[in-house]
Structures are given as C-alpha cells and as structure tokens.
Amino acid sequence: MKKLFIFFIIITTTAFAGCLDSPISTRVGIRTGLTISNYDPDSSVSSDEYSGTGMLLGLGMGSDFFSILAIDMTPQYRSTSHARDEILGRRTYSYNNLYFPITLSLKGGMIPFVSPYVSVGIGINVPLSGIERFEYNNGTAIENEIGGSVGGFAILGVGAEVKLLKFRIVPEFMANMQGYDDQTVKTTDYHLSIGFYYAP
C-alpha cells in the first residue's frame with residue numbers, strides 16, 4: 001500500500017511539473033454560433049413544447065491555470081426563438097438578448113495539440129426586445145412587442161481547444177438550463193458555437 005501511495009505521488013508530481021513552465025495563460029477572441037431553444041410552459045392550449053433557433057456573437061476572454069483549470073467569460077448578443085403549432089395557427093416568441101456566462105472548466109491540458117474540457121457555470125440573460133407573433137392557418141398574422149425579465153441559467157458544457165502556435169480554435173457545446181421550480185427544468189437553450197482566440 002505504501003509503495004502504491006509513493007507511486008501515485010510521483011505520477012502526480014510529474015504531471016504537474018509538466019505544466020509549471022507556464023502556470024497562467026490568457027486568451028481573447030470572438031465566439032459565434034447557433035442557439036437552439038426549448039421551452040415547456042405546461043399549458044393546456046397545446047401539449048407541444050416551444051422550440052426554435054437563433055444565433056450568438058460575443059467576445060471571449062479566458063485564463064488557464066497550470067493548463068488544467070480555466071475560467072472563461074463570454075459576454076454576447078444572442079437571439080432566441082420559441083414557436084409551436086396550436087389549433088388556430090402558429091405562435092412564436094422571439095427575443096434579442098444580452099447574455100453573460102461565466103464558466104469554470106477542467107481541461108486535458110497535457111495533450112499537446114488538442115485539449116478537451118468539461119465546464120460548469122452560471123449565466124445571466126437580459127432581454128433587450130421581444131416580439132410575439134401569431135400566424136393564423138389562413139395566412140394572416142398579428143405581431144405585438146413584448147418584454148421579458150432578467151433570468152439566470154445553470155450551464156453545462158463540453159468542448160475542445162485546438163492549439164495553433166499563438167491561436168486557439170475552440171468548438172463548444174453548451175446547455176443553458178433555467179428551472180421553473182425546484183424540481184422541473186422548463187427552459188433549455190443549447191449553444192453550438194466556435195471560438196477564435198489569440199493567446200499571447
């Protein structure tokens with residue numbers, strides 16, 4: 001048992017020693033992609049959930065610690081859309097938002113060229129404007145401007161950092177979940193995005 005413990009200490013020390021040449025590194029860049037939204041209002045009007053697609057564009061800033069832990073902030077504009085078919089037609093809610101996610105990631109930093117990671121975090125969504133549209137089955141439509149409330153999201157994500165000299169290409173999948181109550185998640189926005197970063 002003692003020999004196993006000593007072996008474990010040697011392996012751990014060696015792993016960290018390989019990362020100590022650059023204990024902290026930073027990166028800045030842009031991130032763009034798609035948003036895929038699902039919303040379940042638990043309504044008697046229709047048994048279907050709302051769903052739709054939008055886009056995101058933001059500035060990415062991050063820091064790596066010992067190539068293993070990372071913290072990232074990506075303030076961004078994002079559009080979200082929720083639509084479903086009802087008896088008389090199709091109802092759509094569309095929003096323009098500012099979104100402020102902060103994530104903490106565990107990275108496979110010792111892999112030379114590609115560093116996969118998993119992340120958790122929180123995000124704050126601030127609606128800027130919104131439109132409710134109902135298109136009747138005969139083709140006529142009614143639109144109304146609507147507001148929205150500031151909301152918080154829990155974030156789970158996976159991605160990979162491709163290292164090219166001083167540049168980084170980072171594809172990422174992120175699930176942003178908002179709970180309706182303590183037991184049920186009602187709103188989930190999925191982000192499929194890619195980041196382009198400069199790492200000095």
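User: In what order do the elements of the chain run from the N terminus on?

Analyst: In this predicted model, the order is α-β-β-β-β-β-β-β-β-β-β. That is one helix and ten strands.

User: Why is Ser79 called buried?

Analyst: Buried means under 20% relative accessible area. Ser79 has 14% relative accessibility, so Ser79 counts as buried. Ser79 lies in strand E4, residues 76-85.

User: Which residues is Ser79 in contact with, leaving aside its neighbours within four places in sequence?

Analyst: They are Thr35, Gly54, Met55, Tyr95, Asn96 and Asn97. What makes each of these a contact is the cut-off: heavy atoms within 4.5 Å.

User: What makes Gly108 partly exposed?

Analyst: The range in between buried, under 20%, and exposed, over 50%, is called partly exposed. Gly108 has 23% relative accessibility and therefore counts as partly exposed. Gly108 is placed in the loop between strand E5 (89-107) and strand E6 (114-136).

User: What is Gly108 in contact with, apart from its neighbours within four places in sequence?

Analyst: Gly108 is in contact with Ser67, Val114, Ser115 and Pro116. As for Val118, ten residues from Gly108 in sequence, the C-alpha to C-alpha distance between the two is 9.3 Å.

User: How much of the chain is buried?

Analyst: Of the 200 residues in the chain, 35% are buried. The accessible surface of the chain comes to about 11,800 Å², and carbon and sulfur atoms hold 67% of that surface.

User: What share of the contacts with a separation of 6 or more is between residues 24 or more positions apart?

Analyst: Such residues account for 61% of those contacts in the chain.

User: How many cavities of 30 Å³ or more does a search of the whole structure find?

Analyst: The search finds one. The largest cavity has a volume of about 220 Å³. A space is called a cavity because a 1.4 Å probe fits there but cannot get out.

User: Which residues line the largest cavity nearest its centre?

Analyst: Arg31, Asp72, Thr74, Tyr117 and Glu172 lie nearest the centre, out of 19 lining residues. Two or more lining residues come from each of strand E1 (24-39), strand E3 (69-73), E5, strand E9 (167-179) and strand E10 (185-198). E5 gives the largest share, four residues.

User: What classes of residue make up the lining of the largest cavity?

Analyst: The lining has seven nonpolar, six polar and six charged residues. Arg, Asp and Glu count as charged, so Arg31, Asp72 and Glu172 are among the charged lining residues.

Methods:
Residues numbered from 1 in each chain as written. Predicted model: local features only at pLDDT ≥ 70, side-chain atom pairs only at ≥ 80, totals over all residues. Heavy atoms only, no water. Buried < 20%, exposed > 50% of the residue type's maximum accessible area, 1.4 Å probe, protein only. Areas by Shrake-Rupley, 256 points an atom, 1.4 Å probe, with all protein chains shown as cover. 1 Å grid on protein atoms, 1.4 Å probe; cavity = no way out; pocket = protein on both sides within 12 Å on 5 of 7 lines; lining within 4 Å. Points joined across faces, edges and corners; volume = space filled by probe spheres on them.
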